[in-house]
Amino acid sequence: MPSLEQALEMQRPPIVRFGAGQVTTLAAWVAEAGIKRCFVVADRINAARLDVLGLPNPGVFGDVKPEPDLPNLEAVIVAAKAIEADAVVGFGGGSAMDLAKLVAVLVTSDKGLRDVSGPNRAPKRSVRLIQIPTTAGTGSEVGTRALITDPETMNKIATESVEMLADIAIIDPALTVSVPPMVTAATGVDAMAHCVEAFTSKRSHPIIDDYALRGIQLIGRYLKRAVEDGADLEARAGLALAAFYGGICLGPVNTTAGHALAYPLGTRHKLAHGIANALIFPHMLAANASAVPEKTALVGQALGFTCESRQAVFGGANAFCTGLGLDMGLHSYGIPRDDLPACAHEAHQIRRLLDFNPVDLTEADILDIYEAAY
Ligand SMILES: NC(=O)c1ccc[n+]([C@@H]2O[C@H](COP(=O)([O-])OP(=O)(O)OC[C@H]3O[C@@H](n4cnc5c(N)ncnc54)[C@H](O)[C@@H]3O)[C@@H](O)[C@H]2O)c1
Ligand SMILES: [Fe+2]
């Protein structure tokens with residue numbers, strides 16, 4: 001595992017505002033920045049409450065799809081190009097914020113996603129970017145990455161650039177009070193998975209470990225509370241902070257096998273990203289335990305279970321997820337069993353994540369995990 005001697009660069013928005021009610025400071029920031037017109041990128045639920053942003057006459061694309069694909073990105077770029085805006089606002093979960101990042105760099109360019117995908121290929125941004133998360137999950141508000149599904153290959157295309165880093169992120173936990181219990185559970189598990197996978201990654205780093213472990217502790221303390229009582233603002237704030245910490249983990253360290261195995265379930269079968277993470281989480285934590293025993297024990301402690309054996313790790317992590325009301329059988333989500341080999345083949349090719357998992361997984365190992373999760 002790397003030590004403090006290992007160099008690390010962290011990139012974060014220059015301004016992060018955190019706290020219930022902070023969204024009301026947006027309009028003043030926009031005015032002070034000299035922004036004339038904002039273009040808001042939102043899903044339908046958030047598009048129906050644009051008034052909370054307090055923006056004068058914003059342009060809006062209000063049809064962000066969950067797990068957005070290429071056609072969804074193309075539609076939002078067409079809408080953005082039709083409006084003279086000098087700032088883009090991502091208002092929603094990771095789906096809206098990821099699209100907002102790409103709109104911000106592509107709106108003044110002739111380029112398409114394929115011209116900019118991968119690391120550091122995005123053109124220079126000439127509009128401002130504001131991110132306002134309304135779920136507590138992805139941490140996309142503080143990151144440089146956007147994930148778009150290619151409908152032909154069903155893969156997630158990752159684009160990453162400092163040009164896609166927000167000028168300001170406003171994390172207002174009060175905006176997440178309306179998230180339904182199962183979406184709260186799923187997005188919370190996603191935030192936890194970012195922290196756990198970065199914490200146990202071969203690329204883990206002591207600086208990021210501090211955020212990761214704190215994020216996992218916050219999930220252990222608050223996720224069940226927020227699922228049971230969505231109006232519990234302390235719990236909502238704890239989760240918003242955990243998601244922020246997870247976002248910090250994603251930048252320099254990123255996720256590993258958990259996300260690699262979750263992706264095909266989301267892209268091929270439209271399974272919500274957080275649910276897919278939850279289904280894989282107990283299996284991966286158990287499979288990795290022998291390679292990172294101390295860190296696995298700390299994860300268990302934070303989430304309320306002991307890790308004396310591989311079975312104990314699996315049982316504890318699985319009980320944590322079922323305790324949130326999640327159905328932990330892959331079969332329950334309408335995924336045909338005979339597609340699991342194709343999922344395993346796809347997951348095994350996600351080398352950008354799998355190469356940093358603490359244990360090496362063959363395609364057959366991955367299929368075994370899917371079968372066990374079924
Ligand atoms: N950029 C990154 O680093 C990063 C990291 C992880 C995931 N992602 C991506 O983020 C996407 C998932 O984001 P997500 O999990 O936040 O889900 P999401 O943005 O798709 O939202 C999930 C659902 O919750 C609804 N919703 C959002 N806010 C709500 C609110 N306040 N009240 C009620 N309903 C609300 C949305 O309309 C949607 O139906 C995926 O595409 C995933 O690949 C990106
Ligand atoms: Fe994620």
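In this predicted model, the side chains of Lys 101 and Asp 98 meet in a salt bridge, with 4.0 Å from N to O. Both residues belong to helix H4, which covers residues 94-106, and they stand three residues apart, about one turn of the helix. Lys 101 is buried, and Asp 98 is buried as well.

The structure holds 16 salt bridges, and three of them are set out here.

| Pair | N to O distance |
|---|---|
| Lys 101 and Asp 98 | 4.0 Å |
| Asp 339 and Arg 268 | 2.9 Å |
| Lys 65 and Asp 63 | 3.1 Å |

In the pair formed by Asp 339 and Arg 268, Asp 339 sits in the loop between helix H12 (310-322) and helix H13 (340-348), while Arg 268 sits in helix H9 (residues 257-269), so the pair ties together parts that are 71 residues apart in sequence. Asp 339 is buried, with a relative accessible area of 13%, whereas Arg 268 is partly exposed at 27%. Salt bridges with shared partners also join Arg 44, Asp 63 and Lys 65 into one network.

The protein chain is divided into domain 1 (15-176) and domain 2 (181-373), whose C-alpha centres lie 25 Å apart. The contact between them takes 23 residues from domain 1 and 26 residues from domain 2.

The largest nonpolar core has 79 residues, and those with the most contacts inside it are Leu 261, Leu 330 and Tyr 370. Domain 1 and domain 2 both give residues to this core, so it lies between them. Leaving aside neighbours within four places in sequence, Leu 330 is in contact with several residues, including Leu 265, Leu 271, Ile 335 and Tyr 370. A second, separate core of 29 residues includes Ala 100, Leu 106, Ala 146 and Ile 157.

Helix H7 (residues 206-228) contains Ile 207, and Tyr 222 lies in helix H7 too. Ile 207 is partly exposed, with a relative accessible area of 33%, and together with Leu 4 and Met 10 it makes a nonpolar surface patch of about 260 Å². Tyr 222, by contrast, is buried, with a relative accessible area of 6%. Leaving aside neighbours within four places in sequence, Tyr 222 is in contact with Glu 234, Ala 235, Gly 238 and Leu 239. The C-alpha atoms of Tyr 222 and Ala 235 are separated by 4.8 Å, although these residues are 13 residues apart along the chain.

Methods: Residues numbered from 1 in each chain as written. Chains lettered and ligands numbered in written order. Predicted model: local features only at pLDDT ≥ 70, side-chain atom pairs only at ≥ 80, totals over all residues. Heavy atoms only, no water. Core = buried A, V, L, I, M, F, W, Y, C linked by side-chain atoms within 4.5 Å. Buried < 20%, exposed > 50% of the residue type's maximum accessible area, 1.4 Å probe, protein only. Domains from an automatic or database assignment. Contact = heavy atoms within 4.5 Å. Patch = residues over 30% accessible without salt bridge, like charges linked within 9 Å, V, L, I, M, F, W, Y side chains within 5 Å. Areas by Shrake-Rupley, 256 points an atom, 1.4 Å probe, with all protein chains shown as cover. Helix = DSSP H or I, 4+ residues; strand = E, 2+ residues; numbered from the N terminus.
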